[in-house]
Every structure is written in structure tokens, then in C-alpha cells.
Amino acid sequence: MKLTAAYILRLLKSPALYIGVAGCALIALWGIISAGNFTSAEAFVQYIRFTGTAQLFSDMMDFGTYRKLILIAACMPFTAAFCTEFKSGLSKQIILRSSQKNYILTHAVLNFLCTFFVSFLGIVLCVLALSLFFPLIGSLHNEYSDTFGRLLNNENTAWLFILLKSLFFSASLGAWSVSGAAISALFPDPFIAVCTPLIMSYIIELVTIEADFLPDLWNLSRGYVSTADGIFFSSLEILLVFLVLAFLFGTVFYYIAKRRLDLSLIHISEPTRRS
């Protein structure tokens, strides 16, 4: 717990955390603004009042480009932490004060949580800022029938729609970020740590779209489910899938990082024995 608290405190003091949140918010804003072709600021104002902030948010969340950019921004604060500490030798000092198991598990859990919260806060803050000036539901009123889309039919439930969509998407990013930590433990490089989640998400989402026997990670991260189990059980299903995915990546990270650290400690102890 002391190690986890120390890392959280370090994160809260780090400018990278707030830059990541701001980056996610700005990318989300860019995605919302880019939903239409505007010739002037007045045209944008008219369009967002007509369509509604919640609908533009939903359109942005369905568009792959901005989702992947948010993934990169959300991974910036912590995903490369393990490989950076390993290359600098800091990881060995921390293990001496704590334990190897505690150190690796702390990194795995904080990778998921940090990416999750950076993405979630950034997106929600962006929509919150827009909702102060523009209506959540515009004059254009579409009727939706899917499990979560029905929340857009009523202005009173529009915020629940926004929060749930942000929750599912951020949970998926948290899982992908752990894959970055796992591969960067094998190839200790911060660039690999940040880029791996992007590559892994593209490949694995494509595989799950084509494979009928696997859950469709692309659609689940957007809040689309094939069953009509209701909002509560559908939400649990989506979150469970991404938590299991994060656990699998975390298991891979644990064994790769453990072997990497074991080898580094052996190299340190050999010269000591010879002397």
C-alpha cells in the first residue's frame, strides 16, 4: 500500500498527468468540432444547437481516429514508467525497499487505473464545458432503440449516456495500456510502451470483429451490445470483458517483468561473488 500511495502521490505531482487529461479533452473537442464542415464559428454554433452536444459526443466516440489519439494521450502519464525505471536502475532500488511482486503488481494496476482516469476525466470535462454553453439535446430529435442509445431520447438521461460511453471506452483504454507495459518490459523503450497499445488495439479489435466466437471489443468499447439484457447487466458485461482483458495483459506483464528483473539482479550479484 505504501508503494501504491507513493506512486499515486508522484502522479498527482506530475505535469504529465494533467497534460494527459488536457490532451484527451482537446482531442475530444477536436472530434466534436470536426463532426461537420463549418465555414464560420456561427455555423458551428447553429449546428451544435441543432444536433446537441450529446449526439456530437456520440458521433465522435464512434469515429476511430479520435479514439486512437485519445488512447495515445491517456497512455502518456504512466504506461512507460516501468521501462523508464528499469533502464535508469530505479526499479532495483524500489524492489530493495519493497518486494518484486508488489512492485510489478503496482505497475500493472496503476497502468490500468491511470489510463482509465486520464481518459475518463478528459472526455467528461470536454463535454461538461460544452454543455455549459450548448444544449445536451438539440432540436434535431432522433429516436434510438439500442440498449444505451435510448438514453439519448430523454434529456434527463443524456448525461448517463455520456458517462457510460466514457466509462466503457476508458476501461478499454486501460486494458490496452497494460499491453504496452507488457511489451515494454520485453523491449524497454518508452516509445514502444506508448505505441504498443495503439497497435494491439487495432489488431485484436479487428480479430474480434471477424471471429464470431470472441466478444467484439470494438463495438463493446463503443457501448454496443448484441443482447438486450438492459442497461445494468449490459454495463456489467462490457466492464467484465475489459477487466478480463486487462488481467490477461497484466499476467503477461507480470511474468515478463519478473524475468527481466530476475536477470538484472543476477547480473548484479555475479560480480559481487567474484570479488
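Entry 1. I began with Asp262, which counts as partly exposed at 27% relative accessibility, in what is a predicted model. Its salt-bridge partner is Lys258, with the closest N and O atoms 3.3 Å apart, and Lys258 is likewise partly exposed, at 30% relative accessibility. An α-helix has 3.6 residues a turn, so residues three or four places apart point the same way.

Entry 2. Arg222 lies in the loop between helix H11 (217–221) and helix H12 (230–274), and Asp62 in the loop between H4 and helix H5 (64–75), so the pair ties together parts that are 160 residues apart in sequence. Arg222 is buried, with a relative accessible area of 13%, whereas Asp62 is partly exposed at 23%.

Entry 3. A search of the whole structure gave me five salt bridges, and another of them joins Glu85 to Arg10, their closest N and O atoms being 3.1 Å apart. Because Glu85 belongs to helix H6 (residues 81–88) and Arg10 to helix H1 (residues 2–13), this bridge ties together parts 75 residues apart in sequence. I recorded Glu85 as buried, with a relative accessible area of 3%, and Arg10 as partly exposed, at 40%.

Entry 4. Turning to the rings, I counted 14 aromatic pairs. The ring centres of Phe57 and Phe161 are 6.4 Å apart and their planes stand at 90 degrees, so I logged the pair as edge-to-face. Phe57 is in helix H4 (residues 53–61) and Phe161 in helix H9 (residues 158–186), so this pair connects parts 104 residues apart in sequence; both residues are buried. For Phe112 and Phe116 the centres are 6.3 Å apart and the planes at 5 degrees, so that pair is stacked. Both lie in helix H8 (residues 100–131), four residues apart, and both are buried. I also noted a cluster in which ring pairs link Phe82, Phe86, Tyr103 and Phe253, and the charged end of Lys68 over the ring of Tyr202, 4.8 Å from its centre.

Entry 5. Last, I checked H9, where 23 of the 29 residues are buried, so the helix is largely enclosed by the rest of the structure. At 1.5 Å a residue H9 should span 42 Å, and its end C-alpha atoms are 43 Å apart, which agrees.

Note on methods
Residues are numbered from 1 along each chain as its sequence is written. This is a predicted model: local features need pLDDT of at least 70, side-chain atom pairs count only at pLDDT 80 or more; totals for chains, interfaces and linings use all residues. Side-chain values use heavy atoms; hydrogens and water are left out. Rings of Phe, Tyr and Trp (its six-membered ring) pair if their centres lie within 6.5 Å; planes under 30 degrees apart count as stacked, over 60 as edge-to-face and the rest as tilted. Helices (H or I, at least four residues) and strands (E, at least two) are DSSP runs, numbered from the N terminus. Buried means under 20% relative accessible area, exposed over 50%, partly exposed in between (1.4 Å probe, protein chains only). A charge sits over a ring if NZ of Lys or CZ of Arg is within 6 Å of the ring centre and within 35 degrees of the ring normal. The expected span of a helix is 1.5 Å times one less than its number of residues. A salt bridge is a side-chain nitrogen of Lys or Arg within 4 Å of a carboxyl oxygen of Asp or Glu.
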